[in-house]
Amino acid sequence: MALQLLLNGLILGSIISLGAIGLSLIYGILNFGHFAHGDLMTLGAYFAYLFTVQLALPLPIAFVIAALLTALTANLLNQILYRHLKERDSVTIMISAVGAALIIRNLIQMFWGPQLKFYDRSIQMPVVLFNGLLRIKPTQITILILSSVLVIGVHLFLSKTKLGKAMRAMSDNTALAQITGINTQQVIFWTWVMSGVLTSSAGILLAMDTHLIPIMGWNLLLPMFAAVILGGIGSPYGAMFGGLVIGISQELSTMFISASYKPGIAFAIMILMLLIKPSGIMGRKV
Amino acid sequence: MKLKSKAAILFLVFVMILGSAGVLAQETVKIGTVLPITGGLASYGQVSRNGTLLAQKQINENGGLLDGLELELINVDTQTQAQVGVDAAQRLVNINNVPAIVGAMSSGITVPIVESVTTPNEVVQISQSATTPVLTDIEDDGYFFRTVPSDALQGIVAGDLAADQGYDSISIIYVNNDYGQGLNDAIIDQFEKRGGEVAESIAFEPSKVSYRSELMNAAEGNPDALVVIAYTDDGGITIIRQALENGFFDEFVFTDGLKAPEIAEGIEGYLEGMYGTTPTSLPGGKGPQLFKEMYMEEYGESTPKPYIDTAYDAVFVLALAIEKAGAAEGPAIKEAVNEILDPDGETVNINEWAKAKQLIAEGKTINYEGASGPVYFDEVGDRAGAIGIWQVQDGDIVEVDVVVQ
Amino acid sequence: MNLTGILSYFIFFLTFAGIYAVMALALNMQRGFAGLFNIGIAGFWAVGSYTTAILTTEPSANYLGGFNLPIIIGLLGAGLISAFLALLVGIPTLRLREDYLGITTIGIAEIIRLIFTNEAWLSYGVRGISGIPKPLRDFAGKYYNIVFLIIVLTVIAVFYYLSEKGIHSPWGRVLRAIREDEEVAKAAGKNVFRYRMEALVFGAFMMGVGGALYAHFTGFVSPEAFKPMQTTFIVWIMLIIGGSGNNFGVLIGSLITWGIWTGTEFITGMLPAAYTTQAATLRVILIGVFLEIVLLNMPDGLFPEKKYNKN
């Protein structure tokens, strides 16, 4: 049972991680908590639904189009809203993000309705391993592979490319990065693109594993924030790690407490972290 | 005062006028309907509403109420949430001054409306679908009725159904509210009486992304089958799929909340031959057949879900009572409901409103052959009924048997 | 419908707007004066509603209590428990940057919902608590709604008075100084943590009382009552439109926002029944867009914060 829970946790954790990376970078570079991140995730999943189910394109192609459209939406949010509120206090930007979250979620519900949706209405039988101790669906294997590929891609981008390095530098210390002549507008643009692509992918993977529902991303917002705080605000690697920890602890917790309180685990870890080391495992001072 | 504040106040006045415009209307006899148009039970609520509208049409096209007044139905959406439902019912009573309400859909919303809204305000309430046994004993001063039988019976039939399938042990997963709890208790009772063993009985919260943890617990001890007490969109579909996908269960017994073709969509093969239960009309009488034809003519489809017929009957019964009472006032309607319905009275079919009006004018009592079979209530406002057994066949829902109390 | 109908509608409208105005005054204490980012208003609301439900209902085997206490005790108890909760939330977060409070309040609102949903011994789970008594019901008879409105207005008056009094006192000046520049306040030897905590706790007290008023008005509470984001968001809009930091503005903001919110219901109500689902979401979209427009174009709201003397 523990093995099975560990696997479920790993899958949930990878999904949280993908979302948390972007959330953490936005936090580091633009200095505010992006409360619409969960709903961007939902949007990505529904874009993919539009292309793969409603327009009957193959899922991989829908995946890419959805990621690009979500990246575009993320940049639109920044252009229309956040950019203009930068001079005001961060609470104003954040409440604007909360507003954006509500708008996105309700637009989704308006266009696609509140009912459950599936990319594929048929179901898959699991592969049984270790004498029935572990059951894994083919989709879940795909999810693990895809999220690993994405994480490795992020790593290569952040460590090898000039843009990626600039991103990390800016996330680490915005003022310093500006002095060293980094093109901040460009970095900000690409940060939104990357966050959009990653969070959209997370949403699609989540929907592949289960189903689509307008509230799906919002439900993951708190675990994502917990992952960001655990890993340290502004640290993409911290966010990856934090996401896995949160996902696995949520699933394993069901061995000890009622499954109903699973969402509370992310919260408990977050509060613990705030009390002990608010800067997170890999973060700078707050 | 600055221009901006003046503009604000003007705007405020405008908004208020706009708001009050909605409450201006001509004189009619109003009945409120409290149904879920959105939320987990939306697909049931929408068609139940069709049932109420059909009854309204029948009444208004055949003489209306009292001295030729139109029957007006004011529907408010509960969003399948108790709080929204109570607030909405509150508004029907306070603002629209309705003397009677049809609804709510689920027991979880019906109970608080009876306790907090209709009983204290002396408003008659008839639910077309709230099945929990709790409502039998509720303190309602006689204001609450239902056109659907209590789940005490459905639980027995579902328990028997599981035993008849040859299952020695089952697990139950139920939606955590009055409906789920009531059925769960009744099924456990009956299944154990038949010598079976209930391995686990687990409550679940609606609308979660994953129910794997709950299912993992339910599957402990390898029971033969899973009894699912749920609504389709609130988690029922997810539970069935995840139970299959993860190999937790491959045999199921369903209850009325899942009597919808959606549950089998895409997984027809896995669910072929599975059984479920649902409250249904008493056999006999022309009502059910007439209603099917009437519904087909108006909406171009057969009645796909339960509680459309009982919704029709709820409105019809209220109309009979208002006609009998001679006034649209709660206490009078309450008395009239009990007086007018009489198994030994003159028979009235669902398409005979004009005849009913005539009979009432003559002071006669009525044996109403409702859309869901003959309708009359016992002293606590409950209705005798029957439980139907349905089966998934080729991805469709087919009624295969009826068990009478 | 006749004049009485319209009148009773207005009373109903004002009562709800009034309960929200209590929330908005409370948020103004937290955000307007102290700069705190609370987006878990629904959580404090729920705690207030349930506390009074448990304290004032008849004894029941289904949930904790009821203790059948007078309604005034219920209101005070609701405020106190909610304030205590704020204290717990404040401890790990108020020394840190403002976002942490925001994230934590979302979390706490969710946990509270989970507790009221799952702990049946406490709250009767999803079934909720019904039969919450109505103040002066027997005395008021058919004028009950007017009496309740007067009670709500009284609560608003008391909180308004206390809030104004507080903000014009030395305590209020320090609070604003901290909001404007934390470092300067620290340098002046002010205990920033303490002042923030006080604002958070006072605000939460008011929210608790507001939640209790709601419970007595509807007579029923269930975990679903507190749609976390929608409720919280509407209160924020009231604050922003009225003018963060201006108590009077916030009251007007509450009326306007509630008017728009109710107005959108009538507008969307004119859509055919088939579009009901869309209509419900359209309302939220409209109010969301409205907020963004106000944020972008009217940063200080209709009634900007008064300039206070700096000494």
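This is a predicted model: local features need pLDDT of at least 70, side-chain atom pairs count only at pLDDT 80 or more; totals for chains, interfaces and linings use all residues.
Local features are reported only at pLDDT of at least 70 and side-chain atom pairs only at pLDDT 80 or more, whereas totals for chains, interfaces and linings use all residues. Residues are numbered from 1 along each chain as its sequence is written, and chains are lettered from A and ligands numbered from 1 in the order in which they are written.

Chains A and B meet through 20 residues of chain A and 19 residues of chain B, two residues being in contact if their C-beta atoms, placed from the backbone, lie within 7 Å. The chain A side of this contact consists of seven nonpolar, nine polar and four charged residues. In this classification, Ala, Val, Leu, Ile, Met, Phe, Trp, Tyr, Cys and Pro are nonpolar, Asp, Glu, Lys and Arg are charged, and the others, Gly among them, are polar.

The largest nonpolar core contains 322 residues. Such a core is a set of buried Ala, Val, Leu, Ile, Met, Phe, Trp, Tyr and Cys residues joined through C-beta atoms within 7 Å. A residue is buried if 20 or more other C-beta atoms lie within 10 Å of its own, exposed if 12 or fewer, and partly exposed in between, with C-beta atoms placed from the backbone. The members that touch the most other members are A:A226, A:M270, B:V227, B:V228, B:L318, C:Y20 and C:V22. Helix α10 (residues 192-218) of chain C gives the most to this core, supplying 15 residues; helices (H or I, at least four residues) and strands (E, at least two) are DSSP runs numbered from the N terminus. At least three residues of the core come from each of domain 1 (29-150 + 285-374) and domain 2 (152-280 + 387-404) of chain B. Beyond residues up to four places away in sequence, A:M270 touches A:F225, A:A226, A:I229, A:L230 and C:G107.

The two domains of chain B, whose bounds come from an automatic or database domain assignment, have C-alpha centres 29 Å apart. Contact between them involves 17 residues of domain 1 and 19 residues of domain 2 of chain B. On the domain 1 side, helix α4 (residues 107-118) of chain B contributes the largest share, three residues. That side comprises eight nonpolar, eight polar and one charged residues.

Two cis peptide bonds may be described. One joins B:G103 and B:A104, with omega about -5 degrees, and B:A104 lies in the loop between β3 (100-103) and α4 of chain B. Another joins C:G65 and C:G66, with omega about -15 degrees; C:G66 is placed in the loop between α2 (41-56) and α3 (71-93) of chain C.

Positive phi values in residues other than glycine occur at B:N97, where phi is near 50 degrees, and at B:N222, where phi is also near 50 degrees. B:N97 belongs to the loop between α3 (82-94) and β3 of chain B and is counted as partly exposed because it has 16 C-beta neighbours inside 10 Å. B:N222 is located in the loop between α7 (212-218) and β8 (225-229) of chain B; with 10 other C-beta atoms within 10 Å, B:N222 is therefore exposed.

In chain A, A:L6 is part of helix α1 (residues 2-30). A:L6 has 15 C-beta neighbours inside 10 Å and so counts as partly exposed. A:L6 and A:L25 are separated by 19 residues in sequence and by 28 Å in space, C-alpha to C-alpha. Leaving aside residues up to four places away in sequence, A:L6 touches A:I248 and A:L252.
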